Amino acid sequence: MSLRNNWTKEEISEIYNMPLLELIYEASVVHREYQATGEVQVCTLLSIKTGGCPEDCAYCPQAARYNTGVDVQALMKKEEVLAYAQKAKHAGSTRFCMGAAWREVRDNRDFDRVLEMVKGVNELGMEVCCTMGMLTESQAEKLQAAGLYAYNHNVDTSEEHYADIISTRTYNDRLKTLGNVRKAGISVCSGGIIGLGETHEDRIGMLHTLSTLPVHPGSVPINALVRVKGTPLEGNEKVDVWDMIRMIATARIIMPKAMVRLSAGRTEMTVAEQALCFMAGANSIFSGEKLLTTPNPGFEEDNAMFQLLGLKPRESFKEVATAEAGGFVEKAIL
Ligand code: SAM
Ligand code: DTB
Ligand code: SF4
């Protein structure tokens with residue numbers, strides 16, 4: 001199968017609605033053809049600026065307008081952030097993703113500090129990722145020049161369902177940021193959330209948006225809603241794990257080269273359920289005791305799961321690139 005970005009909603013729907021075991025099997029076949037099965041990318045998140053966000057994303061504990069008990073914290077110091085990154089690296093993580101509860105990046109001293117953080121994490125030899133809201137073209141270029149590897153900006157849901165979840169910015173705003181990231185030569189990380197009260201058609205619509213971007217995202221996080229008290233979606237039903245598996249398998253089949261990330265929601269899943277997600281084509285996770293503000297399995301727990309399932313953490317792309325260039329010296333000083 002070759003890479004396609006002209007999928008129709010009907011084609012995606014046919015895949016998504018296949019008999020479940022058939023779908024998992026098909027996805028495994030694609031996974032084997034395009035990816036190093038047995039390897040899982042381990043990423044770690046850190047919230048570098050927490051809470052007090054002016055947006056109204058109905059799922060989010062960091063929106064100022066909901067009473068969720070999340071403490072507002074100004075932008076962290078570079079040294080503190082680098083200490084976290086170092087810890088994550090020692091635990092086997094190869095991608096470090098810094099999150100800021102901003103509507104958009106502004107050209108100010110905070111942004112300059114983030115650029116310094118990006119440089120610092122890059123120098124540790126980790127792939128650096130940021131998720132900080134909307135970006136202009138010139139901000140994306142500055143981040144790229146500082147060594148940013150990827151930028152996360154999720155479409156979250158379908159275009160049709162979007163306005164029920166967020167009113168303070170549009171679907172088009174999101175797509176524009178993704179375009180700015182791509183143009184700057186930064187790897188696009190974009191996916192969404194299930195459990196927001198969306199229909200199956202909305203899920204198919206979201207996958208359609210992602211798989212028909214000019215270039216498929218380098219990584220596609222699939223999040224199950226973490227239901228946080230105080231948010232408008234606190235009373236939503238728990239995501240059915242089979243739906244998570246369907247989403248992952250469909251994403252794997254239509255975007256074969258992307259890293260598909262089993263993202264938020266793992267604390268509510270058993271190891272057996274997560275194993276099915278890996279069978280269905282997931283090959284990336286967030287590891288470490290916290291996502292941004294909510295709990296997540298820690299490194300030890302995940303290492304034990306990897307041992308049990310015979311999985312191993314994937315090397316950083318940066319290390320692979322350096323090794324391929326024969327740069328042992330460079331690699332040694334990373
Ligand atoms: N403020 C920036 C933005 O919205 O782009 C970056 C941080 S924001 C927390 C990053 C992503 O986290 C959101 O787009 C959403 O997909 C995900 N997220 C936030 N709260 C979540 C929750 N309760 N459950 C699952 N995913 C969530
Ligand atoms: C993504 O898709 N999921 C991560 C990351 N990208 C930034 C965030 C999940 C956040 C879950 C809620 C929280 O911990 O605040
Ligand atoms: Fe703010 Fe991002 Fe949370 Fe929306 S998802 S409220 S933009 S931190």
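**Exercise 1. The largest pocket**

Task: State how much space lies in the largest pocket, which residues are closest to its centre, and how its lining divides by class.

Solution. In this predicted model, the largest pocket holds about 530 Å³ of space. Its lining counts 22 residues, and Leu45, Leu46, Tyr84, Lys290 and Leu292 are the closest to the centre. Next, turn to the secondary structure. Strand 1 (39–49) supplies at least two lining residues, and so does helix 3 (78–90). Finally, sort the lining by class: ten residues are nonpolar, seven polar and five charged.

**Exercise 2. The largest cavity**

Task: Find how many cavities of 30 Å³ or more the structure holds, then describe the lining of the largest cavity.

Solution. Start with the count: there are two cavities of 30 Å³ or more. The largest cavity has a volume of about 840 Å³. Its lining is made of 43 residues; Tyr59, Cys60, Gln62, Asn154 and Leu292 lie nearest the centre. Now assign the elements. Strand 1, strand 2 (95–100), strand 3 (127–131) and strand 7 (219–224) each give two or more residues to this lining. Strand 2 gives the most, with four residues. By class, the lining has 25 nonpolar, eleven polar and seven charged residues.

**Exercise 3. Ligand 1**

Task: Locate ligand 1, name the residues that come nearest to it, and work out which protein atoms lie at its nitrogen and oxygen atoms.

Solution. First, the site: ligand 1 sits in the largest cavity. Next, the shell. There are 18 residues around ligand 1, and Tyr59, Asn154, Asp156, Arg169 and Val226 come nearest. Ten residues of the shell are nonpolar, five are polar and three are charged.

Then take the polar contacts, using a cut-off of 3.5 Å between N or O atoms.

- Asp156: a side-chain N or O atom is 2.7 Å from an oxygen atom of ligand 1.
- Val226: a backbone N or O atom lies 3.0 Å from a nitrogen atom of ligand 1.
- Trp102: a polar backbone atom is 3.1 Å from a nitrogen atom of ligand 1.

Last, the cover. On its own, ligand 1 has 550 Å² of accessible area, and the protein covers 91% of it.

**Exercise 4. Ligand 2**

Solution. Ligand 2 sits in the largest cavity. Among the residues around ligand 2 are Leu45, Pro61, Thr131, Asn152, Asn154, Asn223, Phe286 and Leu292. The shell divides into six nonpolar and six polar residues, with no charged ones.

Now go through the oxygen contacts.

- Thr294: a polar side-chain atom lies 2.8 Å from an oxygen atom of ligand 2.
- Asn154: a side-chain N or O atom is 2.9 Å from an oxygen atom of ligand 2.
- Leu292: a backbone N or O atom lies 3.0 Å from an oxygen atom of ligand 2.

Definitions and conventions: Residues numbered from 1 in each chain as written. Chains lettered and ligands numbered in written order. Predicted model: local features only at pLDDT ≥ 70, side-chain atom pairs only at ≥ 80, totals over all residues. Heavy atoms only, no water. 1 Å grid on protein atoms, 1.4 Å probe; cavity = no way out; pocket = protein on both sides within 12 Å on 5 of 7 lines; lining within 4 Å. Points joined across faces, edges and corners; volume = space filled by probe spheres on them. Nonpolar A, V, L, I, M, F, W, Y, C, P; charged D, E, K, R; others polar. Near = heavy atom within 4 Å. Polar contact = N/O pair within 3.5 Å; in protein donor to acceptor, adjacent residues only side chain to side chain. Sits in = over half its atoms within 2 Å of the grid points. Areas by Shrake-Rupley, 256 points an atom, 1.4 Å probe, with all protein chains shown as cover.
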